[in-house]
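Visitor: I'd like to learn how to read a helical protein model. Could you walk me through it, one feature at a time?

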Amino acid sequence: MKRLLLALPTGLMSVTVTALIVYLSLASDPFDVRELPVFPGFDKLCHVIMYFACAGAYILDYAKHKLPHHTRLSVELALSATAALVGLLMEVAQLTLTSDRSYDILDWAADLAGVAAAFLLLHFVLLHFFRKSFYHASVHRRHHRRS
């Protein structure tokens with residue numbers, strides 16, 4: 001798994017997640033969810049998960065780019081704000097570009113909750129382990145390229 005993540009070009013994860021979010025946000029009913037019996041609030045849970053993944057992808061791509069160095073808090077916050085802005089833009093796009101989707105401030109609140117959760121979890125817990133784990137693999141890979 002480490003080799004796969006290190007082999008991926010930096011930014012690919014962010015672009016892929018963002019493209020998926022744009023599709024899921026603007027398609028009329030991408031998974032025929034309207035036909036599924038879901039619990040109340042299922043839509044909000046989906047928003048939390050999508051924007052957790054969005055902010056997480058942005059921050060992890062940045063962390064991968066900075067290996068073996070520490071990431072900067074200001075950049076992590078800017079990337080989180082970018083993910084939140086994507087959420088707001090998708091809500092506005094639903095209002096203006098689609099006829100069967102609508103703007104909902106609670107959807108954006110769920111987006112913000114997902115972004116905040118990703119930032120807090122990554123910044124305070126996972127980035128240390130990510131850097132420690134991937135640093136050794138990246139140094140090992142660079143050493144083999146020189147040989």
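Visitor: Which residues of α2 are buried?

Guide: In this predicted model, the buried residues of α2 are Ser14, Val17, Ile21, Leu24 and Ser25. Buried means under 20% relative accessible area, exposed means over 50%, and partly exposed lies in between (1.4 Å probe, protein chains only). Helices are DSSP runs of H or I with at least four residues, strands are runs of E with at least two, and both are numbered from the N terminus.

Visitor: What covers the buried residues of α2?

Guide: The cover includes α3 (42–66) and α4 (73–97). Contact here means heavy atoms within 4.5 Å.

Visitor: How many residues does α2 have, and what span does it reach?

Guide: Helix α2 covers residues 12–26, which is 15 residues, and reaches 21 Å from its first C-alpha to its last. That is close to the 21 Å expected at 1.5 Å a residue, where the expected span is 1.5 Å times one less than the number of residues.

Visitor: Before we go on, what should I know about the numbering and the model?

Guide: Residues are numbered from 1 along each chain as its sequence is written. Because the model is predicted, local features need pLDDT of at least 70 and side-chain atom pairs count only at pLDDT 80 or more, while totals for chains, interfaces and linings use all residues; side-chain values use heavy atoms, with hydrogens and water left out.

Visitor: Now to charges. How many salt bridges are there?

Guide: Side chains of opposite charge can pair when their charged atoms come close. The rule asks for a side-chain nitrogen of Lys or Arg within 4 Å of a carboxyl oxygen of Asp or Glu, and the count comes to 3.

Visitor: Which residues are linked in the network of salt bridges?

Guide: The network links Asp43, Lys44, Asp104 and Asp107. Lysine 44 meets aspartate 43 at 3.1 Å, N to O. Lysine 44 is partly exposed at 25% relative accessible area, and aspartate 43 is partly exposed at 36%.

Aspartate 104 also pairs with lysine 44, at 3.1 Å, N to O. Aspartate 104 lies in the loop between α4 and α5 (105–146) and lysine 44 in helix α3, so this bridge ties together parts 60 residues apart in sequence.

Lysine 44 and aspartate 107 meet at 2.7 Å, N to O. Here helix α3 is joined to helix α5, so the pair ties together parts 63 residues apart in sequence.

Visitor: Is aspartate 107 buried or exposed?

Guide: Aspartate 107 is buried, with a relative accessible area of 6%, whereas aspartate 104 counts as partly exposed at 23%.

Visitor: How many disulfides are there?

Guide: A disulfide is a covalent bond between the sulfur atoms of two cysteines. With the cut-off for a pair of cysteine sulfur atoms set within 2.5 Å, the count is 0. Cysteine 46 is partly exposed at 29% relative accessible area, while cysteine 54 is buried at 0%.
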